[in-house]
Amino acid sequence: MNAFHAIVAAISLWMARIGGLMLVGSSVVITMEILARKVIHIPFSVGTELSSYALAISASWAFSYALLNRAHVRIDVIRNWMPPLIRFALDVLALGALGAVALIMAWFAWDTVDTSWTLGARENTSLGTLLVIPQGLWFVGLVWFAFVCMEQLALVALALMRGDRAAAAAMVTTPDVADEIEEALDAVDAQPVIQR
């Protein structure tokens with residue numbers, strides 16, 4: 001199971017990186033578009049369209065990476081006042097709710113992709129992009145996110161069946177201040193030392 005989870009984590013990391021590259025690429029296109037308008041006086045407008053696709057795709061592709069790194073925002077004011085067992089139950093409930101939302105989003109995204117495919121829909125712009133392409137990539141990210149949520153829930157259940165509550169809690173508990181300080185110190189220790 002650890003090897004499978006390592007593959008899931010690696011795919012999630014690469015999807016997040018590709019999503020980040022899409023955002024960088026769209027910012028380069030927008031910059032070139034602005035320069036072309038201001039300097040060369042050539043009007044073209046594809047940056048808005050491409051950046052909207054990049055934003056949607058990169059967000060859906062990064063959701064699973066954020067989940068595996070416990071980076072999703074939670075409102076945990078009430079949770080922090082609860083005893084550890086209730087806190088753990090709330091964390092599992094939050095993961096389950098996130099998985100349910102991911103499944104619902106993927107379900108409705110598929111409806112959008114299927115409709116665009118059936119109609120052969122194109123964007124009403126100069127590029128005339130087949131909408132099924134960006135929508136399909138967006139859908140892939142949402143499906144992967146839903147899969148990773150279910151995988152995490154399964155791993156929590158397996159850890160609980162083994163009686164390893166600490167491992168289960170490590171998968172669903174949000175990082176506290178001590179965890180964040182330790183992460184920052186590890187990052188500082190990983191930096192190369194430059195001799196003066």
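## Ser26 in helix α1

Ser26 sits in helix α1 of this predicted model. With a relative accessible area of 9%, Ser26 is buried. The cut-off for that word is under 20% relative accessible area, so the value of 9% places Ser26 among buried residues.

A polar atom of the Ser26 side chain lies 2.9 Å from the backbone oxygen of Leu23. If residues up to four places away in sequence are set aside, Ser26 touches Ser51 and Ala54.

## The salt bridge

How many salt bridges does the count come to? The count comes to one salt bridge. The side chains of Arg37 and Glu33 meet in a salt bridge, with a distance of 2.6 Å from N to O. Both Arg37 and Glu33 belong to helix α1. They are four residues apart, which is about one turn of the helix.

Is Glu33 buried or exposed? Glu33 counts as buried because its relative accessibility is 3%. Arg37 has a relative accessible area of 39%, so Arg37 is partly exposed.

## The end of helix α1

Helix α1 covers residues 2–40, and Ile40 is found in this helix. Ile40 has a relative accessible area of 55% and is therefore exposed; the cut-off for exposed is over 50%.

Ile40 can be set against Val8. In sequence, Ile40 and Val8 are 32 residues apart. In space, the distance between Ile40 and Val8 is 47 Å, taken from C-alpha to C-alpha.

## Glu151 in helix α4

Helix α4 is made of residues 132–162, and Glu151 has its place there. Glu151 is buried, yet Glu151 has no salt bridge. Which side chain of opposite charge is nearest to Glu151? That side chain is Arg162, and it is 11 Å away. A salt bridge needs a side-chain nitrogen of Lys or Arg within 4 Å of a carboxyl oxygen of Asp or Glu.

Glu151 does have a polar contact. The side chains of Glu151 and Gln152 are joined by a polar contact of 3.2 Å. Once neighbours within four places in sequence are left aside, Glu151 is in contact with Phe4, His5 and Val8. Val8 is the residue that lies 47 Å from Ile40, C-alpha to C-alpha.

## Arg70 in a loop

Where does Arg70 lie? Arg70 is in the loop between α2 (47–68) and α3 (84–119). Arg70 is not a glycine, although its phi is positive, at about 55°. The relative accessibility of Arg70 is 28%, so Arg70 counts as partly exposed.

## The chain as a whole

The secondary structure of the chain consists of six helices and zero strands. Read from the N terminus, the elements follow the order α-α-α-α-α-α. Along its principal axes, the C-alpha trace spans about 65 × 60 × 35 Å. The chain has a radius of gyration of 21 Å, whereas a compact globule of 196 residues would have one near 16 Å.

What share of the 196 residues in the chain is buried? Buried residues make up 28% of them. The chain exposes about 12,700 Å², and 71% of this area is supplied by carbon and sulfur atoms. Contacts can also be sorted by the separation of their residues in sequence. Among contacts between residues at least 6 apart in sequence, 71% join residues at least 24 apart.

Definitions and conventions:
Residues numbered from 1 in each chain as written. Predicted model: local features only at pLDDT ≥ 70, side-chain atom pairs only at ≥ 80, totals over all residues. Heavy atoms only, no water. Helix = DSSP H or I, 4+ residues; strand = E, 2+ residues; numbered from the N terminus. Buried < 20%, exposed > 50% of the residue type's maximum accessible area, 1.4 Å probe, protein only. Lys, Arg positive; Asp, Glu negative; His and termini not counted. Polar contact = N/O pair within 3.5 Å; in protein donor to acceptor, adjacent residues only side chain to side chain. Contact = heavy atoms within 4.5 Å. Rg over C-alpha atoms; globule rule 2.2 N^0.38 Å. Areas by Shrake-Rupley, 256 points an atom, 1.4 Å probe, with all protein chains shown as cover.
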